[in-house]
Every structure is written in structure tokens, then in C-alpha cells.
Amino acid sequence: MNIGAYQSLPMNGNLAKNLNLAPQELAERLASFSESIVYSYVVDTLEWEEGRLYQTGSGPNFQGGLVTLCSCKHKMRTYRAADSWREVWVAGYTGSTNLGGNWLFYLMRVNQAFESHREFWESDDIPEETKLAKVSNLDKFGDIYEPKGKSGNPFLPMYYVRPCDNHVHCEPGDWKKDIRYQLKGRRAALLVGDPEYSFIWDIPTMAHPDEIGRGERRSTVGKLFPA
């Protein structure tokens, strides 16, 4: 696959260390979280080519040293209020590829969650270099939208910088939905993974025990990744 058609994999830091972890090592790392909730879903933007998986979409985004889910799975991200996502796990699997079944692509333990893109952008807990690596007006795979200022409704697209012309969500209905989405009065939380407990597999090694389908599967860490 041509470079530029997919997100590049982490080359350093915790995400690089946690790349393609062996199943037994993962199970050992997760042993103390056996009762924690996991939401599993299919990442529709994965491509399988020459023995590897490639992320051609913006969510999950694994640039800037953190895995984030801020532009996809809007409905799932409304299942909980932003302040109740912490310590919940999210797992993204392959969908219809020639692999058969659903294979694990990424797993993260949510460390932070924000109600809006402005709240994310203004957070002192997110390094500036991470924001710049993820911002949609600079990167076609960016999953964060830069606010034009500190005023105005944080859920109206007019108060954000438009994404770059080749952005994967550049169509108005796509990127604007990322900012204003809500369901039954609840906004889609912007999820940030703990880098120590964020994992990526571009070489599939673990399949989901059941067929995930188009929705989500709720389980526990212990059931999905038994020691």
C-alpha cells in the first residue's frame, strides 16, 4: 500500500513498545483488570494487504504518542458520560477482510475523556506536540478539530478550523458530525488511551471469540483475554 494512504505506526515510546504484543504477554499485562468492561467494535477503515493491517481512517488515531478515538463510533461514545469513561477499555477489530472472523487491531484503556474538541484542545494534560500530530487541518488522518478561539458554542462547526482538503472526513456532513454529534441529549465523548495500556497489532494474532457484527460487544477483559 502506498505511503500516505494510511496512518504510520508509532516508532518510539510506549505505543512502539506495545506494538504486536504476543497474546500471552498481553494476558499477563492485563491480569489485574479481569473484571474491567471492554467495548469491542469493528474498525471499518482497516485494509489487509501483504500480511499486514493498515489504518486508512482517522479513528482510532495513534499519532503523537497517544491512541485517541474522537472522530468515529459516535454512537458508542455516547454510551457513557465523558466523566464515566475513565478505566473502561475499548477494542477495535477487523471487519470483512479475507482473514475470516474479527481480528484485534487495537486495544486501549481510557485514561481521559473530553466532552468537546475545544476541551481537548485546551487541556494542559495533552502535550502540544500531540495536538499538532492529531489536528485535522494539518493531517489528513487527524481526529481533532482546532477551535478558532475560546468563545462560541463548542459543539458548532462554525467555531472550528476546517480540516485540510484531503482529510478523510473532509466532506461537510462528516467532519461537522464529528463536532456536533449527540444522541438522546448526550454528546459523543472524545476518548484518550493510557499509553502504558494502549496496544496495536498490524499483524493479526488474536481473534474475537464471537462475531461482532455492525454494533458493539460488551464484555470483560478476563473473558476476552484470559490468562
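**Sheet and cores**

Author: In this predicted model, strand β1 (residues 37–42) pairs with β10 in the antiparallel sense over five bridges. Within β10, Ser219 is the bridge partner of Val38.

Reader: What is the order of the six strands in the open sheet?

Author: Strands of a sheet pair through backbone hydrogen bonds, either parallel or antiparallel. Here the order is β4-β9-β6-β5-β1-β10, and the pairing is mixed. β4 (68–69) and β10 (216–220) each have a single partner strand, so one side of each is left without a neighbour in the sheet.

Reader: Which residues have the most contacts inside the largest nonpolar core?

Author: In soluble globular proteins, nonpolar side chains tend to be buried together. The largest nonpolar core in this case has 23 residues, and Leu69, Trp85, Val90, Tyr106, Met108 and Leu191 have the most contacts inside it. β1, β6 (104–114) and β9 (190–200) each supply at least two residues of this core, with the largest share, four residues, coming from β6. A second, separate core has 19 residues, including Phe33, Val38, Trp89 and Met206.

Reader: Which residues does Leu191 touch beyond four places away in sequence?

Author: Among them are Val67, Leu69, Trp85, Val90, Met108 and Val110, together with Arg77 and Gln112.

Reader: Is Ala189 buried or exposed?

Author: Burial is judged by relative accessibility, with a cut-off of under 20%. Ala189 has 1% relative accessibility, so this residue counts as buried. Ala189 lies in the loop between β8 (186–187) and β9. Beyond four places in sequence, Ala189 is in contact with Leu69, Arg77, Ala82, Trp85, Ala113 and Phe114.

How values were computed. Residues numbered from 1 in each chain as written. Predicted model: local features only at pLDDT ≥ 70, side-chain atom pairs only at ≥ 80, totals over all residues. Heavy atoms only, no water. Pairing = 2+ DSSP bridges. Core = buried A, V, L, I, M, F, W, Y, C linked by side-chain atoms within 4.5 Å. Buried < 20%, exposed > 50% of the residue type's maximum accessible area, 1.4 Å probe, protein only. Contact = heavy atoms within 4.5 Å.
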